[in-house]
Amino acid sequence: MDIQFVASDAALAANAAVARIVFEGDTYAGPLAQAVAASRFTGAKGQTLDILAPQGEAAARLVLVGAGKRDGFNALGAEHAAATGYNQVKLSGLTVLRVEVSGDAELAAHAALGLRLAGYRFDKYRTKEKAEKKPSIVKAEVATGTPDAALATFGPLSALADGISFTRDLVSEPPNVLFPAEFAARVKALESLGLEVEILGEPEMTKLGMGSLLAVGQGSIRESRLAIIKWYGADDKSAQPVAFVGKGVCFDTGGISIKPAENMEDMKWDMGGAGAVSGLMHTLAGRKAKVNAIGILGLVENMPDGNAYRPGDVLTSMSGQTIEVINTDAEGRLVLADALWYCQDRFKPKFMVDLATLTGAIIIALGNDYAGCFSNNDELSANLLAAAAAENEGLWRMPLPEAYNKQIDSMIADMKNTGGRPGGSITAALFLQRYVNGLPWAHLDIASTAWSKPSSAPTSPDGATGYGVRLLNRLVQDRYEG
Ligand code: BES
Ligand code: MN
Ligand code: ZN
């Protein structure tokens, strides 16, 4: 979908749909007043009134989109309203949509972002979809009093939409296509944006002593990779970077501790953390962020096999700490243990934030609208929560009680990789904390939010959400640039 900003009085194409953002208490004249009176439309947030061939209007179809109270209307409201308007007409057969937004350039730019996010679709593997099931809108116009200013404001938001789409594409790909080497290749291709990308293979990781990450991938015929993505955008290229680490389990069968068949296909998105970090780096480069940032992805496939790692195995991680494997399905923390250690050891960043679809327990604790935030640093945690709130991504702080560490004590090694069912997300986070070497660190367990469930926003089509890109981009923008 092509998106343009046009003046409010620009001529409308024939056969266009118009989405008009309106508010509670707005009054209407003539046939429009009759249409509203014949409905229950009040302008409340999320409501729509679809009027075909509206009398006295240039539009072929007019959708009134309720945005609630005019007073509280903000950037997010504009995004959601534009997305709602798009969703209402996307299958209408009309090819042009104009969204009418009153207000400043910021609101118009965010309406365009809403269109980009709602218009995302992963359809590369559909070969016989009926024409009437395909979205028909190919061109969208945001009509505003200040099209030039809106276009300028949209620049960085467009980079954000590109980053989120990149994440959604990665997360949506099937596991036979997106295995570790292919993931690494797609990230390597981001060098065209000005990022530097290094890929480590198994021999390099063996040399580094990454016995924990490598054990997870050992049962797969797909070789493991570590991707290191670097963006040096600060004026001082030697300034200490910020760092993001992602769990990239391209498919998680559970390994020898194999998962039940039901819903196992969901485990293609067990690389959602690595996907979010990739989308973030894409965004930072796309908007030329004035920051030095590192993204590290631990890319593996967790398979059962004659050569797979076993429950009972003792692994030696790059940090030197040993791990007794209790359950091969608790593999994400094993991947992150070496990725986090490598990150702090090599880059000495200001902080590390890891993202991981780490535990089913976080879904039980928080449901699908919140990810869990675990941190050893109150300031970093507060900054993350503020960034998440500003971007409307649900994030809730979880505790890291020292006492629960005993749940991961091992009889024969430094720790075991599972701590039983009580507080399963917490013991997983406590495990990770042992690999950050005291650095400010936060762990976002995004198993609850990486894949969309029905309660999601109009800007999140079913499937991969791209969760995390927005909040991390905001964190960087508000706290670490300039
Ligand atoms: N990838 C899963 C967690 C997960 C579950 C993500 C559901 C998304 C949706 C993770 O590797 C896993 O299997 N965790 C286990 C840990 C347990 C064995 C200690 C879990 O949550 O059951
Ligand atoms: Mn698992
Ligand atoms: Zn997993």
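**Ligand 1 and the manganese site**

The space taken by ligand 1 is the largest pocket (an open set of points on a 1 Å grid over the protein atoms alone, where a 1.4 Å probe fits, with protein on both sides within 12 Å along at least five of seven lines). This is a predicted model, in which local features need pLDDT of at least 70 and side-chain atom pairs pLDDT 80 or more, while totals for chains, interfaces and linings use all residues. Residues are numbered from 1 along each chain, chains are lettered from A and ligands numbered from 1 as written, and side-chain values use heavy atoms, without hydrogens and water.

Reader: How many residues surround ligand 1?
Author: A residue counts if one of its heavy atoms lies within 4 Å. The closest include K259 and G360, and the total is 17.

Reader: Which residue has a backbone N or O atom 2.7 Å from an oxygen atom of ligand 1?
Author: Polar contacts here are pairs of N or O atoms within 3.5 Å. K259 uses a polar side-chain atom, 2.8 Å from an oxygen atom of ligand 1. The backbone atom at 2.7 Å belongs to G360.

Reader: Which residue coordinates both the manganese ion (ligand 2) and the zinc ion (ligand 3)?
Author: Donors are N, O and S atoms within 2.8 Å of the metal (3.2 Å for Na, K and Ca); water is not among the atoms, so sites may look incomplete. The protein donors of the manganese ion come from D252, D329 and E331, lying 2.0 to 2.2 Å from it. The two ions are 3.1 Å apart, and the residue coordinating both is D252.

Definitions and conventions:
Polar contact = N/O pair within 3.5 Å; in protein donor to acceptor, adjacent residues only side chain to side chain. 1 Å grid on protein atoms, 1.4 Å probe; cavity = no way out; pocket = protein on both sides within 12 Å on 5 of 7 lines; lining within 4 Å. Sits in = over half its atoms within 2 Å of the grid points.
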